[in-house]
Structures are given as C-alpha cells and as structure tokens.
Amino acid sequence: MEESILQALATHYQQMRDVPLRALFDRDPGRFARFSLSCPDLLLDYSKNRLTTETLTLLFALARAAGLEQARDGLFAGEICNWTENRPVLHPALRRHSTQPVWVNGRNIMPDIQAERERMRIFSAQFRARALLGSGGKPLTTLVNIGIGGSHLGPEMITQALQPYGASGPEVRFVGNIDGADFQEAVRDLDPAQTLFVIASKTFTTRETLVNAQTARRWLQQGGVAESDLSPHLVAVTAYPERAQTFGVDPERIFAIWEWVGGRYSWCSAIGLSVAVRVGFDHFEQLLAGAQAMDHHFCTAPLEHNMPVILALIGFWNSRFGGAETLAILPYDHSLRRLPAFLQQCDMESNGKRVDRDGQVVTGSTGPIVWGEVGSNAQHSFFQLLHQGTHRVPVDFIGCCRSPYPLEEHHLELMANFFAQSEALMRGRTAAEVEADLRASGLADEEVQRILPHRLFPGNQPSNTLLLSALTPFNLGMLIALYEMKIYVQGVLWRINSFDQWGVELGKSMARQILVESRRLLAGEAVDLSRHDGSTAGLLRCFVAGQVAPPPGALPLDPTRGVAPGPHRGG
C-alpha cells in the first residue's frame with residue numbers, strides 16, 4: 001500500500017512542480033487559515049509550501065500506511081524503538097509530571113525520575129543561594145559544564161535562550177570541544193576555589209569529555225585546591241556512577257541518567273542541571289511542562305491537526321519529491337542563536353541513516369542536511385544563495401511576537417525582515433516586475449535589458465513559519481519537543497532507527513590508534529604507518545615534524561607573484 005501511495009505522490013508532484021506558489025495564494029484567499037495550525041502560544045504556518053489539500057490527503061494516507069500511529073503509541077509505551085541496541089526510548093517520561101507508571105524491564109521508572117528531579121531542585125537551589133562551599137570555605141559561584149554533543153549543545157542552547165530568566169542567576173559556562181582553547185577560554189578569569197565542574201557523560205567514557213575533565217582537575221590543583229579538597233568542585237551526570245566514583249566524584253554528587261535516554265534528547269534529564277542552576281528550577285520545570293504539552297498534543301491530536309506530524313510530512317514531501325537535500329533553520333531571535341546547531345545534531349544524528357530496519361539500503365535520501373544562522377545576520381551572508389542560487393532550500397523561520405528587551409524599535413525592524421524574507425522567497429520577482437521597476441528609475445531600454453536577468457528572483461522557495469507569543473521556558477520546551485517528534489515521525493516514514501548513532505564510532509576508533517602512533521612518533525620511535533593511506537601518513541609526518549613541508553615534486557610558490565608559476569613553455 002505504501003508503494004502505491006508513494007507513486008500517487010510522485011504523480012501528484014509532477015502536476016504541482018511548475019505551479020508558482022504565488023498562484024496558489026491568488027487562487028485561494030483563505031490559504032493561510034487552511035494551512036496553518038496553532039497550539040497555545042505557538043503558530044505553525046505551512047502555507048508557503050507547494051502543496052494543496054490533495055497533497056496532504058496523500059501524505060496523511062502515507063503516514064497511516066507506514067504505521068505512524070502505532071509507532072507513536074509504542075514510543076510512549078516503552079516498546080523497543082532503538083532496535084539495534086535493544087532499548088526503549090523514553091525521554092518523554094523525563095518531562096512528565098504524572099504519577100502514571102512507565103515500565104522498563106518490569107520496573108516503574110517514574111519514582112526514579114521524580115527522585116532525581118527532586119535532587120536537581122535541591123542542588124540548584126543550594127548553588128543559587130551560595131550555600132555550596134568549595135576549597136577554603138568559599139561559596140561556589142560559577143558552574144562549568146563539561147560535555148559534548150547532546151550533553152553540551154542542549155544545555156548551552158537552552159541557557160542562552162532563557163538568558164532573561166537567568167540574569168540574576170550564577171555564572172554558567174560550557175566546555176565541549178577537545179581543543180584546549182575551549183577550556184582555557186571558559187576558565188580564563190575564574191577563581192578555582194569558587195568553581196564547580198559538572199562532568200556530563202552518559203557512559204563516562206567519552207574521550208573528549210574525559211580529557212577536559214582531567215584538565216579541570218589539574219586546573220583546580222594548579223589554582224590551589226588540594227587533592228583532598230577536589231570533591232566539592234566536581235559533579236557528574238552519568239548512567240555509570242562507578243566510573244564517576246573512580247574518577248573522584250563523591251557518590252552524593254553523582255546524578256543519574258539512564259540507558260533509555262539518548263544524548264541528544266537528554267536536556268530534560270539531570271543533563272539539564274546547568275540550566276536549572278542558571279535560570280532556577282521553577283523555570284526548568286516550566287521548560288519540561290512545555291515539552292510535555294507538545295508530547296501530549298503529538299499523542300492525542302489527529303494526524304490532520306498534529307503539528308509535529310504536519311511538519312514532518314512537509315519535510316518528507318520537499319525532500320523525497322522536491323529534491324531538497326537541506327533544511328535551513330533561521331531563528332529571528334538572538335537568544336536562539338544556538339538552536340540551528342542543536343537541531344543540526346538532533347536531526348542529522350537521528351536520521352542520517354542509510355539502512356532500514358530490515359538491514360536494506362534505503363531508496364532515496366533520508367535526513368536532510370540541517371544548517372542555519374540567526375536572523376537578520378543570515379540575510380547578509382547566505383540569503384543571496386536562497387534568493388537567486390540554483391539550490392532548492394526549504395526554510396523554517398522562527399520568531400516571537402514579543403521581546404523581553406525594552407528596545408521595541410529593534411524588534412519591529414527584526415520582525416519586518418522576518419515576514420519580508422519568507423514572502424520574498426515565496427513570491428520572487430518576475431521579469432515584468434523587474435522591467436517596470438527599472439523603467440520607472442529612468443533607465444534606457446538597452447540598460448534595462450542588460451540588467452534585467454540579474455534582478456530576477458525565481459521565488460518558489462518553500463518555507464514554514466513558527467511564531468511564538470514570546471520566548472518563555474514553557475514555549476521553548478514546546479518548540480524543542482516539536483522538532484524532536486517531527487524527527488521521529490520522519491524516521492518512521494523512512495523506516496530507519498532514529499535513536500542509534502553508529503556513524504560516530506568509526507572515526508573515533510581510528511583516532512585512538514592515530515593518537516598512540518602520534519605519541520610514539522613524537523617520542524622519536526619508529527612507527528610503521530603503512531596501515532594508513534598515503535595522504536594520512538604524509539599528514540601525520542608533517543604534524544609530528546611541526547611544520548608543513550611540500551610533497552616531493554611540488555611546484556614552489558613564487559613569492560614575488562603570490563601564485564605558483566606555470567610550467568615552462570619554450571619558443
């Protein structure tokens with residue numbers, strides 16, 4: 001049945017592919033009302049996509065044929081959704097405030113979640129009250145979160161997004177990159193005696209996180225904190241507490257995360273401790289409540305009125321039939337400047353898969369390449385390509401009706417650009433419109449014809465607009481959960497596992513071997529590099545030598561001309 005619906009969609013797309021988006025609006029004055037949907041404080045306008053009621057009817061039929069409703073129910077019931085690791089996927093349980101049981105291997109996990117949430121509440125309140133003391137009896141005043149991937153991007157993005165709610169809170173900083181510059185910049189002006197490090201790692205084996213954690217220990221000791229006084233300065237969030245204890249973290253300072261929580265979905269667990277410290281636990285709970293509200297909507301709303309489902313189906317339509325390989329996330333709110341990076345990981349690590357649940361290579365593309373930047377900065381970097389380039393790039397515009405800052409004129413300017421850009425991408429500018437403008441400016445006919453092609457805008461770039469009343473903790477929670485569930489829906493449509501990430505392992509295992517070889521080379525030992533290709537072996541030798549030498553036979557640069565000289569031509 002799925003194949004017949006896919007074929008019907010392909011035929012339908014051929015009928016739709018050359019219909020201008022502006023023509024769809026001209027034919028239907030009620031298009032906005034027909035193709036928009038709202039939850040409390042959140043509006044999704046999807047009318048600027050090349051689709052009709054017939055398109056959606058076929059897409060909803062495809063979702064049902066793919067078993068979406070059953071898959072959705074299974075996710076929330078704790079069924080095995082991560083089948084390559086034989087695990088349920090229960091991050092939605094982390095934001096529930098219900099006492100209704102959720103079972104994993106015969107155990108109700110809700111008491112554990114509630115107990116850990118209460119520990120977070122107490123700890124964050126104590127930290128904010130400066131009641132937690134470090135070396136020498138000084139109060140701890142700065143929290144530095146050490147993580148990578150989901151244990152870094154989620155808390156960092158949320159902390160930035162909710163900055164107005166944390167203005168009076170403690171200083172919170174983040175270290176994610178193994179590049180030493182990241183750590184050095186994070187601790188540059190801090191007092192070791194008043195700094196707490198939260199080591200966030202589900203496995204407590206992630207190399208980048210452990211290297212930074214070891215550096216944190218040395219930094220504390222070099223700053224005057226004795227080995228015996230390190231414990232008050234260390235907290236861990238992990239599913240393997242014994243590993244954190246071996247590292248030196250007091251068992252009372254170890255917060256739990258569970259195997260059924262994927263890293264990129266873990267912000268609503270104790271991985272969000274840094275958020276609770278910065279903005280206060282009450283606001284953290286409002287964040288969870290917003291996510292739970294979207295979860296409830298996803299679980300209960302019919303597919304035809306279901307925001308994550310509609311967003312997912314539109315993405316599937318634009319990708320599978322429209323040939324769009326990327327998705328641009330454009331938040332017109334400076335506080336959401338890390339949202340594109342957060343969603344990049346959430347989507348690409350979840351759905352960047354090429355094999356379906358039967359082990360067969362998927363036909364066609366799966367997850368999009370997700371990228372983006374904050375507006376209106378983006379307009380002065382890559383919007384040229386969006387408006388007049390050769391790529392079809394669907395866009396999600398995200399904005400807020402109200403700003404927490406008192407610069408109202410700034411917000412009006414920002415939102416004027418927000419609305420104008422989605423309209424311009426949709427409408428474009430025709431040759432007749434360009435010609436009329438050029439003639440109105442007094443240009444001669446010859447000049448008009450010369451310039452006209454360069455002023456054309458094809459338009460017909462699809463976009464969704466997500467409009468929030470304001471960027472509150474509750475609304476941010478809804479927004480995050482909206483994208484999480486949209487990503488899951490698309491995984492169901494592609495029949496792929498959205499919850500494993502084997503693709504991150506190969507490069508990491510190879511890096512461990514290269515690290516050993518690099519250390520031996522630096523120590524002056526002879527190392528056989530024949531296991532590597534010629535490029536990698538050559539690059540390693542240059543690195544160990546500490547300088548870049550041209551490969552044999554390379555043409556030297558001519559310093560007087562700044563370019564490589566061409567071959568000698570006789571005559």
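Visitor: What span is expected of helix α20 at 1.5 Å a residue, and what does the helix reach from its first C-alpha to its last?
Guide: The expected span of a helix is 1.5 Å times one less than its number of residues. In this predicted model, helix α20 covers residues 505-522 and has 18 residues. The expected value is 26 Å, and the distance from the first C-alpha of α20 to its last is close to that, at 26 Å.

Visitor: Around the axis of α20, how wide an arc do the buried residues cover?
Guide: The buried residues of α20 include Glu-517, Ser-518 and Leu-521. An α-helix has 3.6 residues a turn, so residues three or four places apart point the same way.

Visitor: Which exposed residues does α20 carry on the face turned away from its buried side?
Guide: The buried residues of α20 are covered by elements that include α21 (534-545). The face turned away from that buried side carries two exposed arginines, Arg-512 and Arg-519.

Visitor: Which residue with a positive phi follows α20?
Guide: Helix α20 ends at residue 522. The phi of the residue in question is near 85 degrees, and that residue is Gly-524.

Visitor: Which residue of β15 is the bridge partner of Leu-43?
Guide: Strand β2 (residues 42-45) pairs with β1 (residues 36-39) in the antiparallel sense over 4 bridges, and Leu-43 in β2 stands opposite Ser-38. Strand β2 is also joined by 4 bridges to β15 (residues 463-468), again in an antiparallel arrangement. In β15, the partner of Leu-43 is Leu-467.

Visitor: Which residue in the turn between β1 and β2 has a positive phi?
Guide: β1 and β2 form a hairpin with 2 residues between them. One turn residue has a phi of about 70 degrees, namely Asp-41.

Visitor: How many residues apart are Phe-316 and Trp-494?
Guide: The structure holds 21 aromatic pairs. Among them is the tilted pair of Phe-316 and Trp-494, with 6.2 Å centre to centre and 45 degrees between the planes. Phe-316 belongs to helix α13 (residues 307-320) and Trp-494 to helix α19 (residues 473-494), so that the pair links distant parts of the chain, 178 residues apart.

Visitor: Is Phe-383 buried or exposed?
Guide: Phe-382 and Phe-383 form a tilted aromatic pair, 5.8 Å centre to centre with 35 degrees between the planes. Buried means under 20% relative accessible area. Phe-382, at 17%, is buried. With a relative accessibility of 2%, Phe-383 therefore counts as buried.

Visitor: Over which ring does the charged end of Arg-119 sit?
Guide: Arg-243 lies over the face of Tyr-240, at 4.0 Å from the ring centre. For Arg-119, the distance from the ring centre is 4.4 Å, and the ring is that of Phe-255.

Visitor: What is omega at the cis peptide bond between Gly-375 and Ser-376?
Guide: Ser-376 lies in the loop between β13 (369-372) and α15 (383-388). The cis bond joins Ser-376 to Gly-375, with omega about 10 degrees.

Visitor: Is Asn-86 buried or exposed?
Guide: Asn-86 is in the loop between β3 (80-82) and β4 (87-88), and its phi is positive, near 55 degrees, although the residue is other than glycine. Exposed means over 50% relative accessible area. At 58%, Asn-86 therefore counts as exposed.

Key: Residues numbered from 1 in each chain as written. Predicted model: local features only at pLDDT ≥ 70, side-chain atom pairs only at ≥ 80, totals over all residues. Heavy atoms only, no water. Pairing = 2+ DSSP bridges. Buried < 20%, exposed > 50% of the residue type's maximum accessible area, 1.4 Å probe, protein only. Contact = heavy atoms within 4.5 Å. Phe/Tyr/Trp six-rings, centres within 6.5 Å; stacked < 30°, edge-to-face > 60°. Lys NZ or Arg CZ within 6 Å of the ring centre and 35° of its normal.
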